[in-house]
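Please work through the exercises below with the sequence and the model side by side. Each task is followed by a solution that goes step by step.

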Amino acid sequence: MVTFFDCEMGLGPTGLGGAAAPTAEALLRVMGQYDIGSALVYDRAAHEAGVFDRFDFILEACGTSHRLLPTIPVLPPATREQMPPADLVAFCLDHGIKAVRACPTAHNFICDRHSMGRLCTQLQARRMPLIHSSIGLREHPYKHQPPWHDLRDLALAFPDMPVIVLHTGMMQGRNLFTLLEECPNVMADLSCASFQYVEEVVAHFGSARLVMASHFPAEDPGLYTTWLNYAKVDADVRANIAGDNLRRLLAAVV
Amino acid sequence: MKTTREYVCAGQPLETPFIDVHGHFGPWPDTFIPHTVDQGRIIAEMDRYGCDMVWMSASNPGYAGDLAAKNDCVFDFAAAYPERIIPYCTLSSHDPQNNVKELKRCLARGPCIGVKMHRYSQPSYTMRSDFMQAILEILAEHRLVYLNHVFENVIDLEWACDKYADVVFIAGHFNPGINDLALSHPNLRDCTCAAMHPDAIGAEVQRLKRSDTMLVGSDFSQVHLGFGLGMIAYGNMAEDDKRNILGNNALRLLERIPWSDTSGVLAGMREDLGIDRK
């Protein structure tokens, strides 16, 4: 049986209705339901409400279980809504935060080397992954289209910074495969739901390029766990995608 | 016997009936689907999941290319795997005057589960539209299924359910409102396809206190088969409810279709099912 290391789980209340895990205990119950052993966790309420300078809730909640690893949102440094980039990255490392999240649609900014360059310079120096999720708060993933030009620009400008693209759009394979081919530092989740997607990425780019993200509470984690359980790949490939890739990435943060 | 969740966690083929009622087959112009027309890979994926059968319509259903050629693509696949792939005849509101002819042509090719229509890139229509009546009359005569991407006009849907009681109407994408209507219209079903929110289907079974109005669907082979099974396997509902949605409810629909007795598509599954056929 595969145990997953989930790259994206939201913790805390939601103002959008539907499922939510308001507490760490509730999230751990959800994780148990789907065989998710560990997860990179973000503050769902802060994500929706636009709170970018207070991280006490997520740090305290994740402090209750070693299975919950905190992440925080990042913004263009020019607005000074957050600490200066060097201070922010130092804060992350001091508090066990090994990946940060850029959500350019939900938080309305362009995520390229011009807007995010000063921060990405700091992230790259630490090999800290930038998790990129461009889906809107109420957007359906079927027709979602990430800002491919911006992603390419950023990944090429910072080749030693891992970029994890979440919510690639379900039908964006032609753009995603091009990005994977051109930018070895880019990884992607399983939201490109095309038939044979996992098998094809593994065949052409190797198993190190995929991670599992459940997108809870926006989506049902079973969409992704089921797929990976049945994918026609070897056991070591399945283990890489299910969690080992993410584990290695976080272990490489300096 | 193991539970559905246990099979899925182990990545083992389900051993209970698994019939996906919302699939597609053919090339897609606007997206990259690897090996999209590789019949062997599609059947191999069904085998890995233990999926007995997929009811398939055309790709870009009713809004791309030559409709007859798109239907032939699906019917040729079904002819090669007659117990695994059951075709819908895909129709379109673009060409209403030729729909009856195309439906009769498809019915003459062999087992056909019914008609699939979409909404994208075609003139608006409802179940009361003039051109629909001849289609529904033929479906009623053959006790077949009518699947639509989404029923936009619910009042006209209810009218059609009452007038064409021998047709089973299926809403193509998960919609709790359809399940509410199905309580008073026994020939209406909701497909679970794209029930994206966590445990949406489990919550729906708990709300309805029944599972006989839902059928699993996934848009396979545009997307992977887990897109249907995954929402059900982990759901907070009884094992019998999971099995109803995954296969038993569809088997009950198949059993009422005249060609199912002679085509052999149900051979083997009836024994596993244990359906009371009286």
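**Exercise 1: Aromatic pairs**

Over all chains the count comes to 17 aromatic pairs, where rings of Phe, Tyr and Trp (its six-membered ring) pair if their centres lie within 6.5 Å, with planes under 30 degrees apart counted as stacked, over 60 as edge-to-face and the rest as tilted.

Task: classify the pair of A:Phe177 and B:Phe32, and state what the pair joins.

Solution. The ring centres of A:Phe177 and B:Phe32 are 4.9 Å apart and the planes stand at 85°, so the pair is edge-to-face. A:Phe177 lies in helix H7 (residues 173-182) of chain A, while B:Phe32 lies in the loop between strand S1 (19-25) and helix H2 (39-49) of chain B, so the pair joins two chains; helices (H or I, at least four residues) and strands (E, at least two) are DSSP runs, numbered from the N terminus. A:Phe177, at 12% relative accessibility, counts as buried, whereas B:Phe32, at 25%, counts as partly exposed; buried means under 20% relative accessible area, exposed over 50%, and partly exposed in between (1.4 Å probe, protein chains only). A:Phe177 and B:Phe32 also belong to one aromatic cluster with A:Tyr197, A:Phe205 and A:Trp227.

The model is predicted: local features need pLDDT of at least 70 and side-chain atom pairs count only at pLDDT 80 or more, whereas totals for chains, interfaces and linings use all residues. Residues are numbered from 1 along each chain as its sequence is written, chains are lettered from A and ligands numbered from 1 in the order in which they are written, and side-chain values use heavy atoms, with hydrogens and water left out.

**Exercise 2: Helix H8 of chain B**

Task: find which residues of helix H8 (residues 200-208) of chain B are buried, and what covers them.

Solution. The buried residues of this helix are B:Ala200, B:Ile201, B:Gly202, B:Glu204, B:Val205 and B:Leu208. An α-helix has 3.6 residues a turn, so residues three or four places apart point the same way. The cover over the buried residues of H8(B) includes helix H7 (176-182), strand S8 (214-215), helix H9 (226-233) and helix H10 (239-255) of chain B, where contact means heavy atoms within 4.5 Å. Just after H8(B), B:Lys209 takes a positive phi of about 60°.

**Exercise 3: A sheet in chain A**

Task: give the strand order of the open sheet of five strands in chain A, and name its edge strands.

Solution. The order is S4-S5-S6-S7-S8 (chain A), with parallel pairing; two strands pair if DSSP finds at least two bridges between them. Strand S4 (72-73) and strand S8 (186-188) of chain A are the edge strands, as each pairs on one side only.
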